[in-house]
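Biologist: Could you give me a close look at the aromatic side chains in this model, and at what surrounds them? I'd be glad of a connected walk through it.

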Amino acid sequence: MDLNAIRTHRFPPVEQAYTARDTMLYALGLGYGSDPLDTAQLAFVYEDHLRAVPSLVNVIAHPGFWAKDPKFGIDWVKILHGEQSFELFRPLPPSGRMRGEYSIEAIEDMGADKGARLYQLKDLFDADTGEKLATVRTVLFMRGDGGHGGFGVAPPAPAPLPEAAPDTVIEIPTLPQQALIYRLSGDYNPIHADPAPARKAGFPAPILHGLCSLGIATRAIVQACCDNQPERLRALSLRFSRPVFPGETLVVEIFRADGGVQFRCRVKERDAVVLDRGRAEIAA
């Protein structure tokens, strides 16, 4: 890994216009509309008074898989998505034109045999007014790039959940074709669609996108803690711990906390924690 090439790299701004159709397609990729009589779900997938799911900020104005560029010397095949967070400064409109400005905040070297963590920041602006709408942080776990040093100051690790029974539990089943729908929002990695690349990556079948699992968790938090009012969700963060396979059921366990909630997600069929150390900030 070329640490200096990463530290001095400057990302060009990424602009993206998105429409109500894109917003509805994203929500369908999270399973909204599964109950055709649920008007709360309909608000995210129907153009009449359409609302955007807050986690849409994760996929707007994406810079692409920049780590694959040979100039960085990153062993990109061994990269895993470790953590993700977003903070909203005002509700995301159901359509608009956005500008993403990217930077690398830090690389944390954990040792030659343990890998490194890369901390990526995105500030999202309304491209027409210049107003800042959101900040998105991504942590990449680079399993093959430890021992090269680091830079910057890594944010604190997310706090563990309490040793107690959850206050609220929400179950959301995924569809066998969930990843095929979600990928139409922009992540076309073949391990989410084609069994052959998925097996080559070490999975018995295509896996669900991590950001799709995050979006489903966001859906559960908006439902259970925000009375289906997405503007009340101010921030959300979590750690990815295991993959989800399309068709499995996500069980979202929610714990009350000061200023919001903590949460984790299990796969019901395997009793495996797939999203951990989650936290969401909720406005009154």
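Modeller: Phenylalanine 72 is buried, because its relative accessible area is 2% and the cut-off for buried is under 20%. Please keep in mind that this is a predicted model. Tryptophan 66 has a relative accessible area of 12%, so this residue counts as buried too. Both belong to one aromatic cluster, which is made up of Phe11, Trp66, Phe72 and Tyr102.

Now for the rings as pairs: the structure holds six of them. One is formed by tyrosine 26 and tyrosine 182, with ring centres 5.9 Å apart and planes at 55 degrees, so this pair is tilted. It links distant parts of the chain, since tyrosine 26 sits in helix H2 (residues 20-29) and tyrosine 182 in helix H4 (residues 178-182), 156 residues apart. Are these two tyrosines buried or exposed? Tyrosine 26 has a relative accessible area of 1% and is therefore buried; tyrosine 182, at 2%, is buried as well. Coming back to tryptophan 66 and phenylalanine 72, their rings make an edge-to-face pair, 5.2 Å centre to centre with 85 degrees between the planes.

Lysine 68 lies over the face of tryptophan 76, at 4.6 Å from the ring centre. Arginine 219 does likewise with tyrosine 32, over whose face it lies at 5.0 Å from the ring centre.

Leaving aside neighbours within four places in sequence, arginine 242 is in contact with Ala272, Val273 and Val274. Its side chain reaches the backbone oxygen of valine 273 at 3.2 Å.

Strand S6 (residues 168-173) runs antiparallel to S8 and is joined to it by six bridges, with threonine 168 having isoleucine 254 as its bridge partner. S8 also pairs in the antiparallel sense with strand S9 (residues 260-267), over eight bridges. Here leucine 250 stands opposite valine 267 of S9. Two residues lie between the strands of the S8 and S9 hairpin, where glycine 259 takes a positive phi near 80 degrees.

Methods:
Residues are numbered from 1 along each chain as its sequence is written. This is a predicted model: local features need pLDDT of at least 70, side-chain atom pairs count only at pLDDT 80 or more; totals for chains, interfaces and linings use all residues. Side-chain values use heavy atoms; hydrogens and water are left out. Two strands pair if DSSP finds at least two bridges between them. Helices (H or I, at least four residues) and strands (E, at least two) are DSSP runs, numbered from the N terminus. Contact means heavy atoms within 4.5 Å. A polar contact is a pair of N or O atoms within 3.5 Å; within protein, one must be able to donate a hydrogen and the other to accept it, and residues adjacent in sequence count only if both atoms are side-chain atoms. Rings of Phe, Tyr and Trp (its six-membered ring) pair if their centres lie within 6.5 Å; planes under 30 degrees apart count as stacked, over 60 as edge-to-face and the rest as tilted. Buried means under 20% relative accessible area, exposed over 50%, partly exposed in between (1.4 Å probe, protein chains only). A charge sits over a ring if NZ of Lys or CZ of Arg is within 6 Å of the ring centre and within 35 degrees of the ring normal.
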